[in-house]
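This report describes the fold of a protein for a reader who meets it here for the first time.

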Amino acid sequence: MQRESNAGQIYRSSDNGASFVSPTSALSCSADWAYSGSLWMAVGTNGAAPQMKTSPDLSTWTTVNTSFFTSTVIAAAEYVPGTGLWVIGGTGGLMAYSPDATTWTLGSVSGLGTNYIQAITYGYI
């Protein structure tokens, strides 16, 4: 189990949430995080540019190039099982998807204006 603080720190629990230890830093990435079963992703902003980092173990973080994302904030992230795709969203209705959390295809959601995509979820109807 993991828990995130507003300072971008992710705490781990090995006892089903009774206690949290070993804070790890995903600095500038405190907006949202997601897990694929083998890779963690943390997203956010440094105030001027979007930030994204990935980690296989919550200890070692790799910064992902976000120059493709023209918004200043990546506010939401999700991994969608069954499709094998990562999806991120941010300001101005911008969104992007990736099969590997490295190579991204940019898109947008019309009608949002300057509003954020603040959450992404998936499900079956």
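Helices (H or I, at least four residues) and strands (E, at least two residues) are taken as DSSP runs and numbered from the N terminus. On that basis, the protein has zero helices and eleven strands, and its pattern along the sequence reads β-β-β-β-β-β-β-β-β-β-β. The model is a predicted one, in which local features need pLDDT of at least 70 and side-chain atom pairs count only at pLDDT 80 or more, while totals for chains, interfaces and linings use all residues. Residues are numbered from 1 along each chain as its sequence is written, and side-chain values use heavy atoms, with hydrogens and water left out.

**Sheets**

Two strands are said to pair if DSSP finds at least two bridges between them. Four strands make up an open sheet in the order S4-S5-S6-S7, with antiparallel pairing. Strand S4 (32-35) and strand S7 (62-63) stand at its edges with a single partner strand each, so one side of each lacks a neighbour in the sheet. Another open sheet of four strands, also paired in the antiparallel sense, has the order S8-S9-S10-S11. Here S8 and strand S11 (105-108) are the edge strands; each has a single partner strand, so one side of each is left without a neighbour in the sheet. The twist from one strand to the next averages 20°, where axes are lines fitted to C-alpha atoms and angles run from 0 to 180 degrees between N-to-C directions.

**Interior**

A residue is buried under 20% relative accessible area, exposed over 50% and partly exposed in between (1.4 Å probe, protein chains only). Of the 125 residues in the protein, 38% are buried. A nonpolar core is a set of buried Ala, Val, Leu, Ile, Met, Phe, Trp, Tyr and Cys residues joined through side-chain atoms within 4.5 Å. The largest such core has 16 residues, and those with the most contacts inside it are Met41, Val43, Met52, Trp86, Ile88 and Trp104. Strand S5 (40-45), S8, S9 and S10 each give two or more residues to this core, and S8 supplies its largest share, three residues. A second, separate core of six residues includes Ala76, Val80, Val87 and Ile117.

Contact means heavy atoms within 4.5 Å. Leaving aside neighbours within four places in sequence, Met41 is in contact with residues including Trp33, Met52, Ala77, Trp86 and Trp104.

**A loop glycine**

Gly84 lies in the loop between strand S8 (74-80) and strand S9 (85-90) and is partly exposed, with a relative accessible area of 23%. Not counting residues up to four places away in sequence, Gly84 touches Tyr79, Ser98 and Pro99. Gly84 and Ser36 are 48 residues apart in sequence, yet 8.4 Å apart in space, C-alpha to C-alpha.

**Aromatic rings**

Rings of Phe, Tyr and Trp (its six-membered ring) pair if their centres lie within 6.5 Å; planes under 30 degrees apart count as stacked, over 60 as edge-to-face and the rest as tilted. There are five aromatic pairs by this rule. Phe68 and Phe69 form an edge-to-face pair, 5.9 Å centre to centre with 75° between the planes. Phe68 is partly exposed at 22% relative accessible area, whereas Phe69 is buried at 2%. Ring pairs also link Trp33, Tyr35 and Trp40 into a cluster.
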